[in-house]
Each structure stands twice: as C-alpha cells, then as structure tokens.
Amino acid sequence: MHLNKKIIVAVGLISSVVVLASMTAFKQQVPQQQQRPEPKLVNIKVLSKKMTYRQVDHLMDEWASALGVKCNFCHEQDKASDAKPEKLMAREMFEMAAKLNKKYFKAKKDSLGMVMESSINCYTCHHGVSHPEISLIANRPRPQRTGPAGGQPGTGAPGAAPATTPPGR
C-alpha cells in the first residue's frame, strides 16, 4: 500500500509535467491573434489630434446618444466629408460648450485637451432630442388669458401678471 502511494504520486507529477509541456508547445504553434491597426483619424478639426480612434469613436457615441441620433445624422457615407451642415454645427456646439465650461465653470482639461469635469455637455440642452428648440415650442403650455368679460386680454404692462378679481367679490 505504501509503495502504491509513491507510484501514484510519481505518475501524477510526471503526467502533470507532460500536460503542461504539451500546452506550452500547443500555444507556440497557434499564432497570436493579429490585432488590426486602428483606423487613421482624418478631418479632425476641433478635437485633439492626440486622441485615439477608440476615444473619438466613444465620444461620437456619447454625442449621438445625447442628441438621440445615429452616425448618419452628421456624417455622409464618406465620414471625412463636411457636406452635412449638422457636422459643422456639431463642431461649433463643441467649441461653444468648451468655452462655456472654461469661462463659467473653470473646467480643467486632461492631457488630450478634453474637459475632465464637464459642467455642461450636449445632453444639458438636447436631452436626447436632435432639435430641442422645436420640441420646446411644441410642448410649451399655452398661457391662460384672463381679463374683462368678452375674453379680451387685460390691460397692463407686457409680461405683467394678468389682472384678476380678488376672491369673494
């Protein structure tokens, strides 16, 4: 029995060494998956040239989400094209937000020139809507006009509260 334990342990150790050696040999035979090089960034005008493709792609995804749109909202089939006015507007809006953050919120930038702690961004105004000014006008409640009998507006200064009759009279 004592002899069998020594043989079992020896066989176990030898088989472990053989398995590990074969795994190493197999790993060397299978070539490492070749990583595709990142696409080159072209037509970058307001973003930092130090940014990687993945960083720019992530930022574009954030902008698309903030506006509730897809890539083709700003980009033509040829993504380097500036043919769509929405792309030019996006650049202007990015610069505007950066200036506001710097002037009013003292926003600090990271090594890539991106705002680290943003006080405002696309979502601040857009809330997932590509054209927020249109939705604000469409959803604005109509003012209640109260005034003298006949439905005519009351008199008074523009923007003043409408004249009402005190309760109980």
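Where does Asn-43 lie? Asn-43 sits in the loop between α1 and α2. The model is a predicted one. In it, Asn-43 has a positive phi of about 60°, although this residue is not a glycine. Its relative accessibility is 23%, so Asn-43 counts as partly exposed.

**Overall fold**

The protein has five helices and zero strands. Along the sequence, the pattern reads α-α-α-α-α. Of its 169 residues, 15% count as buried.

**The nonpolar core**

In soluble globular proteins, nonpolar side chains tend to be buried together. Here the largest nonpolar core has nine residues. They are Ile-44, Leu-47, Met-51, Val-56, Leu-59, Trp-63, Phe-94, Leu-112 and Met-114. Helix α2 gives the largest share of this core, three residues.

Trp-63 is one of the core residues. Its place is in helix α2. Is Trp-63 buried or exposed? Its relative accessibility is 18%, so Trp-63 counts as buried; the cut-off for buried is under 20%. Leaving aside neighbours within four places in sequence, Trp-63 is in contact with Leu-47, Phe-94 and Cys-122. Leu-47 and Phe-94 are also listed in the core.

**The aromatic pair**

A search of the whole structure finds one aromatic pair. The rings belong to Trp-63 and Phe-94, with centres 5.4 Å apart and planes at 45°, so the pair is tilted. The angle explains the label, because planes under 30 degrees apart count as stacked and those over 60 as edge-to-face. Trp-63 lies in helix α2 (residues 53-67) and Phe-94 in helix α3 (residues 85-105), so the pair ties together parts that are 31 residues apart in sequence. From C-alpha to C-alpha, Trp-63 and Phe-94 are 9.7 Å apart in space.

**The salt bridges**

How many salt bridges does a search of the whole structure find? The search finds three.

| Salt bridge | Closest N and O atoms |
|---|---|
| Lys-45 and Asp-82 | 3.0 Å |
| Asp-82 and Lys-87 | 3.5 Å |
| Asp-82 and Arg-91 | 3.2 Å |

Lys-45, Asp-82, Lys-87 and Arg-91 are linked in a network of salt bridges. Asp-82 pairs with Lys-45, with Lys-87 and with Arg-91.

What does the bridge between Lys-45 and Asp-82 tie together? Lys-45 lies in the loop between α1 (2-29) and α2, and Asp-82 in the loop between α2 and α3, so the pair ties together parts that are 37 residues apart in sequence.

Lys-45 has 51% relative accessibility, so Lys-45 counts as exposed. Asp-82 is at 25%, so Asp-82 counts as partly exposed. Lys-87 is buried, with a relative accessible area of 9%. Arg-91 is buried too, with a relative accessible area of 12%. Both labels follow because buried means under 20% relative accessible area.

**The nonpolar surface patch**

Which residues make a nonpolar surface patch of about 300 Å²? The patch is made by Val-19, Leu-20 and Met-23. Met-23 has its place in helix α1. At 51% relative accessibility, Met-23 counts as exposed, because the exposed class lies over 50%.

His-127 is another residue other than glycine with a positive phi, near 50°. His-127 is placed in the loop between α4 (122-126) and α5 (132-139). Its relative accessible area is 49%, so His-127 is partly exposed. The exposed class begins over 50%.

Conventions. Residues are numbered from 1 along each chain as its sequence is written. This is a predicted model: local features need pLDDT of at least 70, side-chain atom pairs count only at pLDDT 80 or more; totals for chains, interfaces and linings use all residues. Side-chain values use heavy atoms; hydrogens and water are left out. Rings of Phe, Tyr and Trp (its six-membered ring) pair if their centres lie within 6.5 Å; planes under 30 degrees apart count as stacked, over 60 as edge-to-face and the rest as tilted. Helices (H or I, at least four residues) and strands (E, at least two) are DSSP runs, numbered from the N terminus. Buried means under 20% relative accessible area, exposed over 50%, partly exposed in between (1.4 Å probe, protein chains only). A salt bridge is a side-chain nitrogen of Lys or Arg within 4 Å of a carboxyl oxygen of Asp or Glu. Contact means heavy atoms within 4.5 Å. Patches are made of residues with over 30% relative accessible area and no salt bridge: like charges are joined within 9 Å, nonpolar side chains (Val, Leu, Ile, Met, Phe, Trp, Tyr) within 5 Å. Accessible areas come from the Shrake-Rupley method with a 1.4 Å probe; for residues, only the protein chains shown count as cover. A nonpolar core is a set of buried Ala, Val, Leu, Ile, Met, Phe, Trp, Tyr and Cys residues joined through side-chain atoms within 4.5 Å.
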